[in-house]
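This briefing goes through one model topic by topic.

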Amino acid sequence: MTDHTSEIGNNTFLVTGSAGFIGYHVSRALLDHGARVVGLDNFNDYYSPALKQDRDGELRRYPKFVSVAADLTDLPALEALFEAHRPGKICHLAAQAGVRYSLVNPFAYQKSNLEGFLNLLELAKRFPPERLVYASSSSVYAGLTEMPFSETQRVDTPISLYAATKKADELMAHAYSHLFGLPTVGLRFFTVYGPWGRPDMAMWLFTEAMLKAQPIKVFNYGQM
Ligand SMILES: NC(=O)c1ccc[n+]([C@@H]2O[C@H](COP(=O)([O-])OP(=O)(O)OC[C@H]3O[C@@H](n4cnc5c(N)ncnc54)[C@H](O)[C@@H]3O)[C@@H](O)[C@H]2O)c1
């Protein structure tokens, strides 16, 4: 494994969504490389909060991990975090994820993905990090017919509110980078899977169904 210790130094990373699937793995990798990690999560019940607590429990074994239970929409709590810890690098993974859930719970996306992200950008403006990496999503490519997808394609045809909020995040990050010199990088993850994964995603649902010898649920009438 490459030794990144010298690059990391004593820097403090803020990982939002640290009790989530990807945030947990990113936090653990950083801690394994000797970084100090402040993990923020609101432990919401979109899926099992117990699973999120278990991930957080694993991270708490590391002496350099600080767990902060707070919501991105709680601006004073976010301010207090930045005042106390002055993160040098930010990895923003907290969001309301899931495409189908956005059909029935649109305001969860407005809160976490729009208001929450704006709060984070405002704090990053006041306490400039060396870099702010944030999660966008492959769902911004939805509606495009030309394949393979590429970062240079225009993505103006979201077909879910989730995708629309992720595209909005990209636009907000672009504006803040332009106006305030914030060094932002957006990552358009495609389906991520692995240990400690998300119970609402196909890999987990299919595996669970197979273990119980039950049929798997396939969307779009098999036309994918
Ligand atoms: N897993 C994938 O395949 C995938 C694909 C594309 C994009 N993404 C994006 O990557 C990021 C991480 O995804 P994940 O799979 O780890 O999801 P996840 O739901 O497991 O993790 C997100 C975490 O953020 C927390 N959170 C949500 N809203 C919050 C708020 N307002 N304040 C504080 N914490 C909040 C949740 O409690 C959760 O623990 C998300 O932004 C998601 O949209 C994931």
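**Briefing**

F43 counts as partly exposed because 17 C-beta neighbours lie inside 10 Å. F43 sits in the loop between β2 and α3 (49–60), and its phi is near 50 degrees, a positive value in a residue other than glycine. The model is a predicted one. Six strands form an open, parallel sheet, and the largest nonpolar core holds 35 residues.

**Backbone exceptions**

- Most residues other than glycine have a negative phi, and most peptide bonds are trans.
- R86 is a residue other than glycine with a positive phi, near 40 degrees.
- The loop between α4 and β4 holds R86.
- R86 counts as partly exposed, because 13 C-beta neighbours lie inside 10 Å of it.
- M147 and P148 are joined by a cis peptide bond, with omega about 0 degrees.
- P148 has its place in the loop between β5 and α7.

**Sheet**

- Strands of a sheet pair through backbone hydrogen bonds, either parallel or antiparallel.
- In this model the pairing is parallel, and the strand order is β3-β2-β1-β4-β5-β6.
- β3 (65–69) and β6 (184–187) are the edge strands, each of them pairing on one side only.
- On average, neighbouring strands of the sheet are turned by 15 degrees against each other, direction ignored.
- α7 packs on the sheet, where it touches β5 and β6. The direction of α7 makes about 165 degrees with that of β6.
- β1 and β2 run parallel and are joined by five bridges. L14 has V38 as its bridge partner in β2.
- Four bridges join β1 to β4, again in parallel. Here F13 stands opposite K89 in β4.
- β4 and β5 run parallel and are joined by four bridges. K89 has R131 as its bridge partner in β5.

**Nonpolar cores**

- Which members of the 35-residue core touch the most other members? They are F13, V15, V37 and L93.
- Two or more residues of this core come from each of β1 (12–16), α2 (21–32), β2 (36–41), α4 (75–85), β4 (89–92), α6 (106–126), β5 (131–135) and α7 (161–180).
- α2 gives the largest share of this core, six residues.
- Another core, of nine residues, lies apart from it and includes V140, L161, A163 and A164.
- Beyond its neighbours within four places in sequence, F13 has contacts with L30, A35, V37, P87, K89 and C91. One of these, K89, is also the residue that F13 stands opposite in β4.

**V140 and its surroundings**

- V140 is located in the loop between β5 and α7.
- Is V140 buried or exposed? V140 counts as buried, because 24 C-beta neighbours lie inside 10 Å of it and the cut-off is 20 or more.
- Setting aside neighbours within four places in sequence, V140 is in contact with V155, P158, A163, K166, K167 and R188.
- V140 and D156 are 16 residues apart along the chain, with 7.9 Å between their C-alpha atoms.

**Ligand shell**

- The shell around the ligand has 29 residues, of which G17, G20, F21, A95 and A135 come nearest.
- α2, β2 and α6 are the elements that give two or more residues to this shell.
- Which element gives the largest share of the shell around the ligand? It is α2, with three residues.
- By class, the shell is made up of 13 nonpolar, twelve polar and four charged residues.

**N105**

- N105 belongs to the loop between α5 (101–104) and α6.
- N105 counts as partly exposed, because 15 C-beta neighbours lie inside 10 Å of it.
- The C-alpha atoms of N105 and L161 are separated by 9.7 Å, although the two residues are 56 residues apart along the chain. L161 is among the members of the nine-residue core.

Definitions and conventions. Residues numbered from 1 in each chain as written. Predicted model: local features only at pLDDT ≥ 70, side-chain atom pairs only at ≥ 80, totals over all residues. Core = buried A, V, L, I, M, F, W, Y, C linked by C-beta atoms within 7 Å. Buried ≥ 20, exposed ≤ 12 C-beta atoms within 10 Å, placed from the backbone. Contact = placed C-beta atoms within 7 Å. Pairing = 2+ DSSP bridges. Axes fitted to C-alpha atoms, helices over the stretch in contact; angles between N-to-C directions. Near = placed C-beta within 6 Å. Nonpolar A, V, L, I, M, F, W, Y, C, P; charged D, E, K, R; others polar.
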